[in-house]
Amino acid sequence: MQEKVKYLIVGQGLVGTWMSYFLQQRQLSFKIINDTSIQAATSVASGVINPVTGRRIVQTWMIDSILPFAVKAYTALGELLGTEIIKKAPAILLHPSEQMKESFEYRLTHDNVYLFKNNPEIVHSFFNTPYGTGAIDECYWIDLNKMLSASRLALENKGNYIESNFEISDLTFIENGVSWKNIQADYLIFCDGIHSMHNNYFNKLPFAPNKGEALIIKVPGLPTNHIYKSNISIIPWEDDLFWVGSSYEWSFDNIAPTQEFREKIKETLGMCLKLPFEIVDHLVGVRPANRDRRPFVGMHPSYPQLGICNGMGTKGCSLAPYFTSQLIDHLELGLPIAPEATINRFQSLLQS
Ligand SMILES: Cc1cc2nc3c(=O)[nH]c(=O)nc-3n(C[C@H](O)[C@H](O)[C@H](O)COP(=O)(O)OP(=O)(O)OC[C@H]3O[C@@H](n4cnc5c(N)ncnc54)[C@H](O)[C@@H]3O)c2cc1C
């Protein structure tokens, strides 16, 4: 017998989880299909929301709208799941060079919202800081693995979760919708991260996958209430474990962890960290990034029942709540998707 829902979602990483949250909030029926044997980028990400970026320490795209939306959404999702998933964790900047120190000093007095001078004594016991320190307010850390597993359990309990591989060959089009195995839906939304690259309907979008490696290290005694950023980031993970990374590789032929990365991080940590550390894990993931560094959000121009919410790149934590909500508002209320994010910008590619 065929079951009927309004939305079918492929993938329960960060984006699929947010889709499911907002669909529940709007009391819309859905099923989410996820294959846990396929690694989610979300499960290896450090989970940081940082309102500034780059060597010039400028504010990130749309941060004034996206940050308050994200903080509110993660707090509400945590309350719903009965567990804390977002923590405010100001970032301590350990300037890695004279140039970065100057960049910070300049930004402090020009269009500054988030930077402040911290008390350097706080970090001296833990780090060598030859170029001084600074700090960024309004940084947040999301416990992504807790968020994924608690959400999955809640989805399973409500009968909304299907553990399965979504094979595109099982998809059929029906009048005003789609059918997959025994389920019919008005809309099918791909939230399958980098795997959308191999999907016949969306593979013409300019994906630019980016490999990232990170180490999990044990550092007894290092305070866990801050994020530490130099030319590497050191992020509290759990107990006395810290996530350290990462690499950004645009060109790679495998997704194996590399000895080169491990050695480089060991050397950098040896120079900046005063406390002894032990490496306990080595993570690798592929960021669903794209060439114009803006998300892919919207419905296929030729198949209006097929949609995508993807391409979150290095900023999934802040972008995912905002753009999943926007996609649902677009479908349910006819509201527009931000022009920089809508896949309408690739209409001719998708129709070719
Ligand atoms: C090393 C590293 C560090 C990062 N750090 C940060 C950070 O600090 N802050 C930040 O904002 N972002 C960070 N990111 C980026 C962030 O991880 C991504 O933007 C985000 O996780 C993408 O989420 P997603 O849901 O699109 O994809 P994914 O998390 O990859 O989820 C896709 C889901 O789809 C499922 N799936 C795929 N194909 C199928 C199929 N055929 N059938 C069923 N299920 C399927 C997969 O199992 C997975 O669960 C980092 C990424 C990496 C690799």
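**Helices, sheets and a ligand in a predicted model**

Tutor: Helices α1 and α2 are roughly perpendicular to each other. This is a predicted model, where local features need pLDDT of at least 70 and side-chain atom pairs count only at pLDDT 80 or more, while totals for chains, interfaces and linings use all residues. Residues are numbered from 1 along each chain as its sequence is written, and side-chain values use heavy atoms, with hydrogens and water left out.

Student: Why are α1 and α2 called roughly perpendicular?

Tutor: Helix α1 (residues 14-25) and helix α2 (residues 63-81) pack at about 75°. The label covers 65 to 115 degrees; under 35 is roughly parallel, over 145 roughly antiparallel, the rest oblique. Therefore the two count as roughly perpendicular. Their axes are 12 Å apart. Axes are lines fitted to C-alpha atoms, for helices over the stretch in contact, and angles run from 0 to 180 degrees between N-to-C directions. Helices (H or I, at least four residues) and strands (E, at least two) are DSSP runs, numbered from the N terminus.

Student: Which residues make the contact?

Tutor: From α1 come L14, W18, Y21, F22 and Q25. From α2 come F69, A73, Y74, A76, L77 and L80. Contact means heavy atoms within 4.5 Å.

Student: How do the residues of that contact divide?

Tutor: Into 10 nonpolar, 1 polar and no charged. Ala, Val, Leu, Ile, Met, Phe, Trp, Tyr, Cys and Pro count as nonpolar, Asp, Glu, Lys and Arg as charged, and the others, Gly among them, as polar.

Student: What makes β3 and β6 edge strands?

Tutor: They belong to an open, antiparallel sheet of 3 strands, ordered β3-β10-β6. β3 (48-49) and β6 (86-88) each have a single partner strand, so one side of each lacks a neighbour in the sheet. Two strands pair if DSSP finds at least two bridges between them.

Student: How do you know that β6 pairs with β10?

Tutor: Count the bridges: 3 join β6 to β10 (residues 140-142). The rule asks for at least two. The pair β6 and β10 passes, and runs antiparallel. K88 has Y140 as its bridge partner in β10.

Student: Which strands form the sheet with 8 strands?

Tutor: The order is β8-β9-β7-β16-β17-β18-β15-β19, with mixed pairing. Its edges are β8 (115-116) and β19 (278-287). Inside it, 4 bridges join β7 (residues 91-94) to β9 (residues 133-136), antiparallel. I92 has A135 as its bridge partner in β9. Helix α6 (residues 259-272) lies across β15, β17, β18 and β19, at about 50° to β15.

Student: What surrounds the ligand?

Tutor: 35 residues do; the closest are T42, S46, F166, G313 and C317. A residue counts as near if one of its heavy atoms lies within 4 Å.
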